[in-house]
Amino acid sequence: MMSKSKVTLETAEKLGLDSNEYKMIREILGRNPNFTELSIFSVMWSEHASYKNSIKWLKKLPRKGDHILAEAGEENAGLVDVGNGLACAFKIESHNHPCAVEPYQGAATGVGGINRDIFTMGARPIAQLNSLRFGDMKLERTKWHMKGIVKGIGDYGNAFGVPVVGGEVYFNECYNTNPLVNAMSVGLMEKDDMISAIAKGKGNPVYIVGSSTGKDGIHGATFASADITENSAEDLPSVQVGDPFQEKLLLEATLELNKTGAVIGMQDMGAAGIICSTSEMSEKGGHGMKIDLGKVPLRQKNMEPWEILLSESQERMLVVVEKGREKDVEAVFEKWDLNCVIIGEVIEEDRLYFYMHDELYADVPASSLVLGGGAPQYDREYSEPSYFKEFRKFSIDDVPEPEDMKEVVRMMIRNPNIASKRWVYEQYDTMVGTNNMSTNFPSDAGLVNIKGTRNALALTVDCNSRYVMADPDVGTQIAVAEAARNIVCSGGKPLAITNCLNFGNPYNPVVYWQFVKSVQGMAKACKKFNTPVTGGNVSFYNQTSIDGNVVPVHPTPTIGMLGILKEKNNQMSMAFKRKGSMIYLIGRSFNDIASSEYLATWHKIEESPPPKFDIEMEYKVQKVVEDIIRFSLVLSAHDISEGGLFITLLESAIPKCLGFDITTDAEIRRDAFLFGESQSRIVVSVSSTRETEFIDFMLQQEVPFSALGHVTRGEIRIDDVSFGFICDLKKEYMTGIENDLAE
Amino acid sequence: MKFGIVIFPGSNCDHDTVYVLQEILDQEVVELWHKDSDLQDVDAIVLPGGFSYGDYLRSGSIARFSPIMVKVIEFANRGGFVLGICNGFQILCEAGLLPGALLHNSSQKFICKNNYILPDNNESAINLFLAKDKALKVPVAHGEGRYYASEDNLSKMRQNGQILFRYCNEEGMVSELHNPNGSIENIAGVCNESKNVFGMMPHPERASDDELGNTDGRLILESIIRTMEEKKVSFYN
């Protein structure tokens, strides 16, 4: 049996620990660890579980706010007061590495994991979002990733029964080998019903509930903390298998269990399985546990103690219950036909004892394993790469202006980064729960009705990683600003964010520089928009090593933002309502095509700084738009992002099949005016009866605005030249991605 | 009226259906747990959407063996109103209460979107009070929704007015272009011969709340309620 076998430094290195960490473990234990103990440290001190390479910088993010009920790092997810005695739990998490080698199961279990984080706190998940990054659309590998990942998210989430209300999909060759799959879940509960992830009270029983434990996903956390290589497929047993049916039962049972009042604490089992939940809950409560692994329900024979401890089998929870209430707890799980077995008890000392029947296999201090306790924390080196200054040398004057703008339009609307993501989102149940207010009124953020109140939630995920690549500080500020802008354009007020930080190898000084700058930019923007960071996750090692060349993905700090509509009548759609409405631009256009989709795809230039962005102006623009929506001065609002003004107008025109007739600005190059991506701009439509009022109001603001033109019955005209009819453009736009996939 | 909503493990439209019937349509609602065998004197039963027992084998194939279904089948055979929505429709077909079967969508993909349906006639409680020429916007969300029945069955169903709804466009035109799943003859919903058991793939409960901006589905549920109320009045008279 391997579990008790002796280990050496070589074993430690094979498990991903370095010599210094091995030394620390021997000091903590005062002796040599056995294989089980070493495995425990290796997963708990992996990047994925310990944040050892990132925590120093994450601590600098703003985390406090009057409305924050659970701060980052305190519980399984952040918790925000949303009024009416209700609290919203929300979090985003990556599942990149599993998806790279097994797209379907990788994505499915990602959805399962993030939802468990929400309902383990006692909240019912009511909405999901996801942010997906794939490689070059022409590659077979990309199509394989895309089909598998989308189906995996759909099959799991659809059966689990939580609507997808928003998301984003990007394509870039930096994600060829290593796609990014970030899933966000949002739940709602009564404020006082929160279940904490804590173990306390000597003698209280410790239960494992839900699915049986198998050999799947062993060392998954370690797997997620290493580079993806061409040999990664050999790590397939590190990928878990999902069962949404079990998850659905577990959800209902958990919420019912909470009503019994017998629960002391609960934590789901995700990365690093039993060892992670036992150690984190114990450390939080300042207690320990005595666990008999022989009592854990297993789905396969001959599992060794270390395998049971580290298994990442899905759909399981660890629950600490008040002694004497065992019958009440067991009745709930019997009703839902789920396992519910006592595997140990809470003890007073800071110690975890793992037995297999009567034999002791591991004896470690709980606090030594976790972040903030004994887990190592590192200060990594970083240095500014030469490309950063190179990119700044870009000048629009060196780029020729295309003669035929119609040709550019045709290419842009078929571009998979611009074209409709219908092929993706129609595979997700977006309406279960009967709370998605954006189905019939599309808006920049997904709006979720809170039944029985006047409130609605506004949710969005955003990150343009090309901007972040060009300048991680400014690019990340833009990601936060865009998320806030989407919420404001939908009639909401930004409240808080969760983040998913996807980067390359942290030991690479350039990657680490991108990480540090990005966190700094996020801190600035979150302070400005008063949106504290409530948690999230860090995913390093997103890169590819093929034939010895290591290529990190673009730095991709995905922002998931929560906002609120205090009055759901303020719901604002992006869709033009009727012909004859006047179209206005709020914010200012610049002679700027930097980092635009247009520059990258038409001119094939990737080396440029981020688009024009001024956080003060952004804030002012958002405040003005908040007001004009509140005063009902506009019929639609839609922000300008990828593809520039033209694509924004097109997206506003498509839902009701209307057109638009606009005039460009003589001061600005036409390509920059139509396709440039300068930030802090919002397109609104105004009814002719309220136009004077709108103008009067805008003249009193410190924000530039200008008339663009008007909404037509269906024709698209720019400077008196016809660009065709909306029906034809819509067809191209809607089918771009499915045509690419069929090729 | 008193509605019973059957809850199987894996049902996920149960809360939505309860909400619409109770809060929006002001009906009395009780939940019927799959392990129970007491129908609690309900006037009508709804089998909601979801993935009963995970639906890993074939949608609805396990649910039909649950204790509550024995009672539901008895209730239906006595003439009680039973409506199956989405997974509920699949279960009713598996249980033999409705003709035909629901196969994997022709695209082999799950599909969720707004779709229009047209009442085929006004012969059943569920479409009695609907305008025959007005398309209703009612969303679909399923992986196995391609309705199939043999030609013999279909011709009987046509003659007997058992085809409830067909997929169409906004103007009510029924064509293959507007068929989301490849259903034979664009069929979106059917009933049994005695017109008391109804099944439909589109979700009327998802189009019933003013706050979501579409209430076309409410007309379908209201049609059943109104028929039942009128029947009850005539019964007592």
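Modeller: Two strands pair if DSSP finds at least two bridges between them. Strands (E, at least two residues) and helices (H or I, at least four) are DSSP runs, numbered from the N terminus. What you see is a predicted model, in which local features need pLDDT of at least 70 and side-chain atom pairs count only at pLDDT 80 or more, while totals for chains, interfaces and linings use all residues; side-chain values use heavy atoms, with hydrogens and water left out. Residues are numbered from 1 along each chain as its sequence is written, with chains lettered from A and ligands numbered from 1 in the order in which they are written.

Now for our part, a sheet in chain B. Its nine strands follow the order S2-S1-S3-S4-S13-S12-S11-S7-S8, forming an open sheet with mixed pairing. At the edges stand strand S2 (28-33) and strand S8 (136-137) of chain B; each has a single partner strand, so one side of each is left without a neighbour in the sheet. Further in, strand S11 (residues 163-168) and strand S12 (residues 187-191) of chain B run antiparallel and are joined by three bridges. Within this pair, Phe165(B) has Gly189(B) in S12(B) as its bridge partner. Helix H3 (residues 87-94) of chain B packs on the sheet, and the strands of chain B that H3 touches are S3 (44-47), S4 (81-85), S12 and S13 (197-200). Here, contact means heavy atoms within 4.5 Å. The direction of H3 makes about 120° with that of S4(B); axes are lines fitted to C-alpha atoms, for helices over the stretch in contact, and angles run from 0 to 180 degrees between N-to-C directions.

Next, let's turn to chain A. Its secondary structure comes to 25 helices and 28 strands. The C-alpha trace of chain A spans about 85 × 60 × 45 Å along its principal axes. Of its 743 residues, 67% are buried, a word that means under 20% relative accessible area, with exposed over 50% and partly exposed in between (1.4 Å probe, protein chains only). Among contacts in chain A with a separation of 6 or more, 84% are between residues 24 or more positions apart.

Some loops of chain A deserve a visit. Between strand S22 (582-586) and helix H20 (597-601) you will find Ser589(A), which is buried at a relative accessible area of 11%. Leaving aside neighbours within four places in sequence, Ser589(A) touches Ile668(A), Phe673(A) and Arg681(A). The side chains of Ser589(A) and Arg681(A) are joined by a polar contact of 2.8 Å. Such a contact is a pair of N or O atoms within 3.5 Å; within protein, one must be able to donate a hydrogen and the other to accept it, and residues adjacent in sequence count only if both atoms are side-chain atoms.

In another loop, between strand S17 (493-502) and helix H19 (509-528) of chain A, sits Asn505(A). Asn505(A) is buried, at 14%, and a polar atom of its side chain lies 2.8 Å from the backbone nitrogen of Tyr507(A).

Finally, look at Tyr51(A), in the loop between helix H4 (47-50) and helix H5 (55-58) of chain A. Tyr51(A) is not a glycine, yet has a positive phi of about 55°.
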